[in-house]
Amino acid sequence: MACLLLGIWIPGIQAATDFSKLRLLAEQRYGDRAKNTIIELEALLNTLRDAPDQEKLEKINLFVNDKIRRFDDDINIWGQSDYWATPLESLGREAGDCEDYSIAKYVFLRELGIPNEKLRLTYVRAKIGGPNSRISQAHMILSYYPTPNAEPLILDNLVISIRPASRRPDLVPIFSFNSEGLWTGTSTTPSSDSLSHLSRWRNVLARMQADGIE
Amino acid sequence: MSLIKQLWIAISLLMLLVFAACVIASIESSKHTLEQQLQMKNIDNATSLALSLSQIDKEDPVNVALLLSAQFDNGHYQRIKLVDPEGKLISEHNNPDIQPNTPGWFNHLFSIEVHPGVAQVQNGWSQYGTLSLESDATFAYQALWDGSKKMLLWSVGIALLAGVLGSWLLRIITRPLSEMANMAEAIGDQRFITIAEPRVTEFKSLAQAMNRLSNRIRKMLTEQSQLLEQLRFEANYEPISGLMNRKYFTSRVSAYLDNEDNFEEGVLVVSHIAELAEINAKFGGTGTDQILKRIGHALTELCKPENAMFAGRLSGADFAVFSGSPLNRELLCQQVKDAIISAAAIEGSFPEFGPRTIASNIGRSHQLDSLKDLLAVIRERNDLTQLQLEIDDLAQQAASQLTTTRTESEWRARLDNAIMSKRLRLASFPVISPANTLIHNEGPMRLQLEPNGPWLPAAEFIGWAIKLDLITEMDDLLVQIAIDDLKNGKPAIGLNISSRAVSNPAYLDHLHALLQANPEVAGKLWLEVPEDGVFRHMEAFRNFCLMLKPLGCHIGVEHVGAQVARLGELHDLGLSYIKIDASVIRHIDSNTGNQAFLKGLCLIVHSLGMMAIAEGVQTHEEIAALPALGIDGMTGPAIQTPAV
């Protein structure tokens with residue numbers, strides 16, 4: 001609401017997601033299963049509206065990790081390296097890369113009214129097999145900061161349970177971001193033909209909006 | 001306001017709107033592009049700076065400060081700000097000196113709104129702060145300003161070009177319109193001209209309609225004047241021979257004798273066919289009519305208009321031929337006699353056939369009584385030779401009274417001297433309206449051969465002036481005198497222009513230049529050309545009208561009567577008046593035939609927008625009869641200058 005008053009528009013700040021559109025698109029593109037997933041999502045979001053943050057985090061983390069069943073590389077799912085999928089695409093295909101999980105969680109939590117400044121999409125270096133492993137991989141997780149200076153909670157698809165950062169010694173944070181300052185003031189919703197000029201992040205936000213998630 | 005001007009204004013306004021819209025749209029679009037570029041730059045730079053900051057060791061705040069300074073000092077930024085997660089300022093770099101060089105109103109009108117690029121800085125797992133970065137937008141304003149100026153310059157350039165092109169096109173498109181406006185004006189002035197049809201469809205039908213109107217009027221006038229000619233013929237001509245009847249013949253002759261400006265001496269030939277009764281008995285009525293018709297035809301053939309000749313049948317057996325120029329008397333006498341004999345072609349029945357023919361010189365001093373005398377004696381006296389001698393004596397006595405014989409060199413010296421000393425002036429004969437107001441004064445030429453000598457009418461010296469090639473100088477001088485008189489406040493002047501002068505381009509140019517130099521008196525100058533001159537030199541006269549009419553003077557035709565059938569040809573010249581020949585006016589009060597003719601003539605003249613003026617008015621009865629017939633002005637011996 002504060003953002004609206006400031007004239008700043010951020011996706012998901014209001015419960016403005018158009019579920020009927022989302023359902024229709026899911027059915028058209030991916031069939032009945034996807035449609036049912038969206039119906040489940042809607043039900044879940046509705047039950048969580050007034051729940052404490054901790055419950056929201058756990059339920060959404062579980063839902064996304066459960067519904068995006070297959071964790072795979074973008075090249076196998078989308079036929080191109082590093083494709084940022086919208087939640088509809090990820091849920092529809094029931095498959096996704098690490099950032100697809102994180103994006104979906106971020107969007108749904110924002111939908112549930114968790115403010116932007118508490119959420120960060122974070123690039124991390126993940127040591128495969130434990131903190132002392134020599135094999136590391138580029139990974140993305142969603143961090144939740146209960147207060148600005150608190151230790152974040154990590155929502156990951158590799159480790160199902162939500163843990164504080166200190167309990168994830170296998171992850172080394174590199175950079176984090178959210179949608180703050182992105183969709184501002186006069187720079188209105190980009191039209192679809194200009195999507196190609198946008199960064200991946202802005203691009204996926206724009207496509208999401210076209211799907212009905214606002 | 002003219003149509004062209006209105007169209008021009010409308011087009012200019014439209015062009016202005018279009019160009020303004022173009023310029024504004026272009027500026028807006030450039031502005032949008034610049035804003036997007038700046039926005040991207042802000043976001044990208046904020047992200048990469050935040051990325052760098054996230055990687056470094058932030059235990060020592062100097063590291064952070066150095067990195068921010070390095071970025072700010074070497075880049076193009078308005079502001080770089082770092083605040084901690086609780087909104088407390090960590091570091092801020094600001095460049096307050098940045099002010100665009102572009103005009104304030106422009107910056108205000110097209111302000112470039114770019115939002116800061118925002119990125120998060122991490123310190124390990126914990127949040128370090130939020131970085132916001134704004135780029136320097138001066139270059140964007142400058143680029144926008146320069147682009148707009150260039151755009152405006154191009155627009156103005158193209159608009160000017162379009163204006164020039166547009167005016168040219170408009171002029172071409174509307175050219176037929178102005179031609180039609182001229183035509184409408186001409187028709188309003190009762191000049192029924194036709195114009196070439198323009199190619200534009202709408203104009204074409206309009207021009208066709210107007211041309212049709214003009215042509216219909218012309219046709220109507222032609223028909224009317226032909227009807228009039230018929231009237232004139234019935235009133236003035238003898239039906240069997242086709243020659244003038246006695247009344248008209250004597251009127252014509254006396255009109256000549258009274259016209260001292262154009263007539264000095266002529267020849268009158270009278271021929272009497274004594275055998276007419278016998279011919280009638282021999283050939284019967286129809287046969288005799290045939291013979292008379294042939295004779296009439298032969299005499300008409302004999303009469304050449306350039307010698308001012310005409311023929312009449314005075315009574316059953318009496319024929320007459322008059323020449324207004326001094327031809328050889330004996331020769332003409334013989335020609336008339338031969339023409340009658342060969343035309344009659346009755347040698348078979350009357351081998352001795354030969355009309356009794358005598359000729360007499362006839363001058364201005366003669367009275368028409370001499371014609372009566374001639375007719376009387378020719379019927380009674382058998383001895384024609386003796387009679388001819390007597391007539392010759394009489395004529396010579398009259399001639400010796402009139403002019404002293406001078407040699408060519410004497411004439412040249414005297415005329416030269418008269419021109420040099422400007423011993424030329426205009427006589428003055430009033431032309432008045434029926435309401436007794438002065439229309440103008442006719443001003444025939446008068447000349448003094450010797451200082452203090454008598455002022456001679458033109459007829460007495462004009463022959464020599466033409467022969468000695470001095471007439472052009474005299475004509476020029478006369479116009480100058482007329483204009484000087486007018487400038488000195490004299491009332492309007494009617495000036496006779498001979499057909500010779502009308503056909504002389506040098507004279508025309510002189511007249512044109514004089515009138516152009518004195519536009520204030522042009523409206524008081526009435527220029528009149530004799531009817532026979534007008535119709536013999538139609539092209540020259542047309543040119544004369546086209547040249548002088550626009551200067552404001554009145555142009556008319558004088559001595560109108562013999563060729564009314566051709567009056568229709570004058571429909572598009574914009575003439576002001578015609579003067580009707582004295583032979584038509586003579587005894588108009590009693591001549592019902594001529595009354596009908598004159599009435600019709602006045603109708604046509606009025607429908608052409610001209611005044612009808614009667615010449616040679618001699619009696620109060622004529623003055624009383626003329627206005628009812630439609631006459632607008634009168635001149636002649638019976639007309640006095642109205643008392644002012």
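**Reading strands, interfaces and salt bridges**

Reply: Let us begin with a hairpin: 5 residues lie between the strands β10(B) and β11(B), and N436(B) there takes a positive phi near 65°. Helices (H or I, at least four residues) and strands (E, at least two) are DSSP runs, numbered from the N terminus. This is a predicted model, in which local features need pLDDT of at least 70 and side-chain atom pairs count only at pLDDT 80 or more, while totals for chains, interfaces and linings use all residues. Residues are numbered from 1 along each chain as its sequence is written, chains are lettered from A and ligands numbered from 1 in the order in which they are written, and side-chain values use heavy atoms, with hydrogens and water left out.

Me: In which sense do β10(B) and β11(B) pair, and over how many bridges?

Reply: Strands of a sheet pair through backbone hydrogen bonds, either parallel or antiparallel. Two strands pair if DSSP finds at least two bridges between them. Here β10 (residues 429-432) and β11 (residues 438-442) of chain B are antiparallel, with 4 bridges. Within this pairing, F429(B) stands opposite E442(B).

Me: In what order do the 5 strands of the open sheet in chain A stand?

Reply: The order is β6-β5-β4-β3-β7, with antiparallel pairing. β6 (163-164) and β7 (171-177) of chain A are at the edges with a single partner strand each, so one side of each has no neighbour in the sheet. The partner β3 (residues 119-127) of chain A joins β7(A) over 6 bridges in the antiparallel sense. Y123(A) stands opposite F175(A) of β7(A).

Me: How many residues of chain B are in contact with chain A, and what area is buried between the two chains?

Reply: The size of an interface is often given as the accessible area lost when the parts come together. Contact means heavy atoms within 4.5 Å; buried area is the accessible area (1.4 Å probe) that two parts lose on being put together, summed over both. In this model, 21 residues of chain B are in contact with 27 residues of chain A. The buried area is about 2000 Å², and carbon and sulfur atoms give 56% of that. On the side of chain B, Q120(B), W125(B) and Q127(B) lose the most area to chain A, together 40% of what that side buries.

Me: Which residues are linked with R69(A) in a network of salt bridges?

Reply: The network links R33(A), R69(A) and E94(A). R69(A) and E94(A) meet at 2.7 Å, N to O. R69(A) is exposed, with a relative accessible area of 59%, whereas E94(A) is buried at 11%.

Conventions. A salt bridge is a side-chain nitrogen of Lys or Arg within 4 Å of a carboxyl oxygen of Asp or Glu. Buried means under 20% relative accessible area, exposed over 50%, partly exposed in between (1.4 Å probe, protein chains only).
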